[in-house]
Amino acid sequence: PKRVDAADVAADSGPITTDVIEIGRLDTELFTGSSDPLTPGVGVGNPIDDNVGTLGAIVRRRSDNALAMLSNAHVLARDGLSEIGEPIVQPSTRDRRDPDRVAHLAQFQRFEFTDIGFPNLVDAAIAELDGGRESTEHIRLLGHAPKGITKNVRRGMHVHKIGRTSDLTTAIIQDVHFRLQFRLRRTTRQRRRVGFRRQVMCTRFTAPGDSGSLVLSSTGRAVGLHFAGSTTASVFNRIDHVLDALDIDLVLESDT
């Protein structure tokens, strides 16, 4: 029998029509714009530090029912160097030269600096919304608020988050009793060791600027608050530790 080559088939079948669509250079996309009403998943920052992080969730203070935004202390409170009342802007000064002041720092968990040990549980802060500023608990891209909270975190569990830098990403939990240490500002000129215990480590699903993102289970329940990462891993605080430390409650889908 005669051997048939692919080239012969192509030649016999006639011209092949192709279509080339010019799309230009591809690059990563950041959410760097303004958000009105304020929406979880957008960039925020403390203009004194010229930093950027993510508005993780809208919360209520248990003491007075006031609405506030939740993020990390290293985002809103300048590693704990801030004074209560400092302005919080959206977007951050990294994303726009003249951002809107939208809130003021109301509370943050102070870090314990130690040479040994792992005394810290959370990196968390809240900023109360300025008068007249509207907000929504519906998370950007997801279109809904957290559907509850859960303390049930386990290895192999799938989680996701919406962040200012990397938008919607997913990860798999690898360790639920993770300990880590790094250096934060003890003063404006000095950095000291800060050790964290009982953290949750995932596969890498975050990027710089995503700090403060709310971490959700596959069913939409809040499990944590992202605060740290490396080139191969992301780490979050357990959500129940965050809520208890700041005496707050998440505004949930069932509350609307």
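Okay, some ground rules. The model is predicted, so local features need pLDDT of at least 70 and side-chain atom pairs count only at pLDDT 80 or more, while totals for chains, interfaces and linings use all residues. Residues are numbered from 1 along each chain as its sequence is written, and side-chain values use heavy atoms, with hydrogens and water left out.

So, what's in the chain? You'll find 3 helices and 14 strands. The chain has 256 residues, and 50% of them count as buried. Buried here means under 20% relative accessible area, exposed is over 50%, and partly exposed lies in between, using a 1.4 Å probe on protein chains only. Now contacts, meaning heavy atoms within 4.5 Å. Of those between residues at least 6 apart in sequence, 66% join residues at least 24 apart.

On to the barrel. It is closed, has 6 strands in the order β8-β9-β10-β13-β12-β11, and the pairing is antiparallel. Two strands pair if DSSP finds at least two bridges between them. On average, neighbouring strands here are turned by 50° against each other, ignoring direction. Angles like that use lines fitted to C-alpha atoms, for helices over the stretch in contact, and run from 0 to 180 degrees between N-to-C directions.

Let's zoom in on β8, residues 158-163. It's mostly covered, with 5 of its 6 residues buried. On one side, 6 antiparallel bridges pair β8 with β9, residues 167-185, and the two make a hairpin with 3 residues between them. β8 also pairs with β11, residues 214-217, antiparallel again, over 3 bridges. Which residues does histidine 160 face? In β9 it stands opposite threonine 170, and in β11 opposite leucine 216. Moving along, β11 and β12 are joined by 3 antiparallel bridges, and there leucine 214 stands opposite leucine 225 in β12.

Inside it, β3 (57-61) and β4 (67-71) run antiparallel and are joined by 4 bridges; arginine 60, for instance, has leucine 67 as its bridge partner in β4.

α3 is mostly covered: 6 of its 8 residues are buried, including Ile239, Val242 and Leu246. Just after α3, aspartate 247 takes a positive phi of about 60°.

Next, the empty spaces. Rolling a probe the size of a water molecule over the atoms shows where empty space is left. We use a 1 Å grid over the protein atoms alone: a cavity is a set of points where a 1.4 Å probe fits but cannot get out, a pocket is an open set with protein on both sides within 12 Å along at least five of seven lines, and lining residues have an atom within 4 Å of a point. Grid points are joined across faces, edges and corners, and a volume is the space filled by probe spheres set on the points.

The largest pocket comes to about 480 Å³. It has 24 lining residues, and the closest to its centre are His74, Pro208, Gly209, Ser211 and Phe227. β12 gives the most to that lining, with 4 residues. As for cavities, there is 1 of 30 Å³ or more; its lining includes Gly41, Ile162 and Leu214.

Last stop, threonine 32, in the loop between α1 (6-12) and β1 (43-44). Beyond its neighbours within four places in sequence, threonine 32 is in contact with Pro91, Asp95 and Arg164. Its C-alpha sits 9.3 Å from that of valine 44, 12 residues apart along the chain.
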